[in-house]
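Have the coordinates open and follow along.

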Amino acid sequence: MKNFSTKYFKSDIKAGLVVFLVALPLCLGIALASGAPLFSGIISGVVAGIVVGLLSNSQLSVSGPAAGLAAIVLAGIATLGSFEAFLLAGFLAGIIQIILGFAKAGVLSNYLPSNVIEGMLVAIGIIIFVSQIPHAVGFDEMHKGNFWYVNALGDHQIFTTLANTINSIHPGAVTVVVVCLAILIAFLKVPFLKRLKSIPGALIAVLAGIGVNEVFKATGSSWAIGQEHLVSLPVPESMTAFWNQFSLPDFAQIGNAEIWVVAVTIAAVASIETLLCIEAADKLDPLKRYTNTNTELKAQGVGNMISCLIGGIPITSVIVRTSANINSGGRTKIAAIAHGVFLMTAVLAIPFLLNLIPLASLAAILLVIGYKLASPEKFVHMWRNSKKFQFIPFLVTVVAIVFTDLLMGVGVGLAVSIYYILRGNVKLAYFFKRDNYKEGEIVNIELAQEVSFLNKAAIKQTFVHLPEESKIIIDASNTVYIDHDVLQMIKEFVNFSSKERSIDVELVGFRKQYKMENSQTHVVSTSPEIKENIGLNNIKTGVKIPSNHIKISELSNI
C-alpha cells in the first residue's frame with residue numbers, strides 16, 4: 001500500500017487548519033455544556049488530535065469532545081460530586097475501551113447498512129446547518145449550552161430557537177456571515193481561487209470576519225460585534241494560573257460503585273459513536289480505505305485515559321470535525337494531528353487573537369459543511385439509485401436523528417433497514433474457501449444465491465486478506481440477489497483498493513441491473529459473452545486464465 005503522507009502533506013496541513021477553526025469553539029462549547037471547566041475542552045481537543053491521531057488506524061477521522069457525551073458528563077459530575085471524581089470515571093472508561101478493542105468489539109460497525117450511514121450523515125448536516133443559523137444572525141444564546149445541538153442537553157427545540165432569532169438579529173453578525181460565505185463560495189467556484197491549494201478559504205473567511213468587525217469597532221459603529229458574540233478562550237495571567245487549569249483524577253474513589261457505572265456508560269456511548277463515525281468516514285473517503293475499528297477503539301481508549309488523567313473531558317471520533325477534514329482536502333491522519341498541534345499552539349501563543357474571532361465567521365464555515373452533507377442531491381441520489389427498502393430506512397434515519405438524537409435515530413433507522421432485509425431475504429449467502437494458495441494462481445470468490453448486508457463483514461475481510469499482485473475472479477453466476485451495500489463495496493474494491501494493491505479483478509456473471517458497467521477493472525477473460533454479461537464491452541482485456549486456478553470456499557481458512 002502506498003504511503004500518502006508526503007503526497008498529501010500540503011492539503012492535510014490546510015485541512016488541519018480548517019478543522020482547528022471548527023474544533024476550537026466546539027471544544028469550548030461542549031465543555032460549557034458539560035458543566036466542566038472551559039480549559040478541559042481544550043485539553044481533550046489537543047489530546048484527541050495528537051494522541052488519537054497518532055494511534056488511530058483511520059486516515060480521515062478526527063476526534064474530540066463530543067456533543068453526544070455532554071449530557072452524560074453533566075449528569076456524571078453532578079452524581080459523583082466533583083470534577084476530579086468524574087475524571088476517574090473517564091480514565092476507567094478509557095481502559096474499558098481498550099479492553100473492547102482487544103475483544104474485537106469493533107466488528108459491530110460492519111453490520112451498519114450504508115443507507116443508515118448515509119441517513120446519519122445527511123441528518124447531521126441538517127443539524128449543523130440549522131444550529132448555525134442563530135449564530136449567523138448574532139443570536140448566540142445556544143452557545144451557552146452547545147455549539148452543535150440547539151441547547152445544552154441536546155433537546156432539539158429547533159423551531160423555537162429559530163423563532164427567537166427574529167427578535168435578536170445583529171446587523172454586524174449578518175454582515176460578517178455574508179462576507180465569509182461569499183469568500184467560502186468563491187473558493188469553491190472561482191477557478192483561480194480553486195487552484196490556490198496552499199491557502200484555505202476558511203482561514204481567509206475568518207480573517208475577513210475579524211477585519212470587518214475591527215472596522216466596525218474602530219469607527220464606533222453600532223454594528224460592532226461585542227465580546228459575548230466572539231470566541232471566548234481562557235487567558236491565564238501567569239504560568240502558575242496556566243498550570244492550575246489542569247486537574248488530576250481522584251483515585252481515592254476507585255472503590256466507589258457509582259464511578260464504575262459512569263465509566264461503563266461513557267465507554268459504551270463513546271465507543272458506539274466512534275464506530276458510527278468511523279463507518280461514515282470510510283463511506284466519505286475519496287480513496288475508499290478501510291479502517292480497523294478494533295484499533296480505533298484502542299486508540300480512543302488511550303486518548304480518554306490521557307485526556308482524563310490531565311483534566312480533559314471524554315472524547316470520541318466526531319462527524320463534524322471529520323466531515324470538515326474531508327471537505328477541506330484532508331487525506332491522511334496528518335490533518336487530524338495537525339489540528340491538535342494548531343490547537344495547542346494557539347492556546348499557548350495567541351489566545352488573545354483567537355478571542356477576536358466572531359462566532360458568525362465560524363457559523364459560515366459550518367453552514368457550508370452542513371450544506372455539503374445534506375444537499376438536495378443526496379436525497380435525489382438515494383431515490384434514483386436505490387429501491388424503497390434502501391430509501392425508506394435512509395429517510396427514517398434522517399428524520400429520527402433530527403428530532404431525537406444520534407444514537408436513537410440510528411437505532412430506529414437500523415430497525416427499519418433490518419425489517420426490509422429480513423422480509424426480502426432469508427438466506428444462505430456467501431461461499432468462500434482458500435486451498436493452499438500459490439503465487440501466480442487465480443483466486444475464485446463465488447457468491448451464493450442470495451447475498452445480504454449481513455454478509456458484508458465476511459466479504460470485506462476477504463478483500464482485506466487477498467494477496468497483493470494476485471488475480472481475482474468474483475463469480476456471481478449463481479446469484480439471484482446481491483444487496484446494494486455489497487455491490488457498492490465490490491465496486492469500491494474494483495475501482496480503488498485493487499488498484500492500490502495491484503490486484504487484477506475479473507467480474508463474472510453480474511447481471512445488467514447490478515449496474516457494474518461503471519467499474520474500471522482489469523478483465524482477465526477475453527470471452528465476449530462474459531463481457532456482455534457484466535456490461536464491460538469497452539474495457540480492454542488482460543491476461544488469460546490459467547487452468548490451475550484455485551477455488552475458494554471457506555473464510556475461516558484465511
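Q: Which residues of helix H13 are buried?
A: The list runs Ile319, Val320, Arg321, Thr322, Ser323, Ala324, Asn325 and Ile326. Keep in mind that this is a predicted model.

Q: What makes H13 largely enclosed by the rest of the structure?
A: H13 covers residues 319-327, and eight of those nine residues are buried, so the helix is largely enclosed. Buried here means under 20% relative accessible area.

Q: Why is Lys104 called exposed?
A: The cut-off for exposed is over 50% relative accessible area. Lys104 comes in at 55%, so it counts as exposed. You'll find Lys104 in the loop that links helix H4 (83-102) and helix H5 (114-136).

Q: Which residues does Glu279 touch, leaving aside neighbours within four places in sequence?
A: Glu279 is in contact with Ser109, Leu112, Ile117, Lys456 and Lys460. A contact requires heavy atoms within 4.5 Å.

Q: How do you know that strand E4 is mostly covered?
A: Count the residues: E4 spans 442-447, and six of its six residues are buried. Both faces are covered, with Ile442, Asn444 and Glu446 buried on one side and Val443, Ile445 and Leu447 buried on the other.

Q: What makes E4 and E6 a strand pair?
A: Pairing takes at least two bridges, and E4 has five with E6 (residues 471-475), in the parallel sense. Among them, Asn444 is bridged to Ile473, and Glu446 has Asp475 as its partner.

Q: How many bridges join E6 and E8, and in which sense?
A: There are five, and the pairing is parallel. In this pairing Ile473 stands opposite Glu506, while Ile472 faces Val505. So Ile473 has a partner on either hand, because a bridge is what DSSP counts when two strands pair.

Q: What makes E8 mostly covered?
A: E8 takes in residues 504-508, and four of those five are buried.

Q: How do you know that H2 and H12 pack at an angle, and how far apart are their axes?
A: The axes of H2 (residues 38-55) and H12 (residues 293-309) are 9 Å apart, and the angle is about 145°. The crossing is right-handed.

Q: Which residues meet where H2 and H12 pack?
A: From H2 come Ile43, Ser44, Val47, Val51, Val52 and Leu55. They meet Thr295, Glu296, Ala299, Gln300, Val302, Gly303, Ile306 and Ser307 of H12. By class, that contact has eight nonpolar, five polar and one charged residues.

Q: Which residues have the most contacts inside the largest nonpolar core?
A: The core has 83 residues, and the ones with the most contacts inside it are Val22, Leu24, Ile42, Met120, Leu362 and Ile365. A second, separate core has 26 residues, including Ala36, Leu69, Leu88 and Cys308.

Q: What is Met120 in contact with, leaving aside its neighbours within four places in sequence?
A: The partners of Met120 are Leu276, Ala280, Ile319, Thr397, Ile401, Leu406 and Val410.

Q: How many helices and strands does the protein chain have, all told?
A: The chain has 22 helices and nine strands. Of its 558 residues, 56% count as buried.

Definitions and conventions:
Residues are numbered from 1 along each chain as its sequence is written. This is a predicted model: local features need pLDDT of at least 70, side-chain atom pairs count only at pLDDT 80 or more; totals for chains, interfaces and linings use all residues. Side-chain values use heavy atoms; hydrogens and water are left out. Axes are lines fitted to C-alpha atoms, for helices over the stretch in contact, and angles run from 0 to 180 degrees between N-to-C directions. Helices (H or I, at least four residues) and strands (E, at least two) are DSSP runs, numbered from the N terminus. A crossing is left-handed if the near helix is turned anticlockwise from the far one by less than a right angle, and right-handed if clockwise. Ala, Val, Leu, Ile, Met, Phe, Trp, Tyr, Cys and Pro count as nonpolar, Asp, Glu, Lys and Arg as charged, and the others, Gly among them, as polar. A nonpolar core is a set of buried Ala, Val, Leu, Ile, Met, Phe, Trp, Tyr and Cys residues joined through side-chain atoms within 4.5 Å. Buried means under 20% relative accessible area, exposed over 50%, partly exposed in between (1.4 Å probe, protein chains only).
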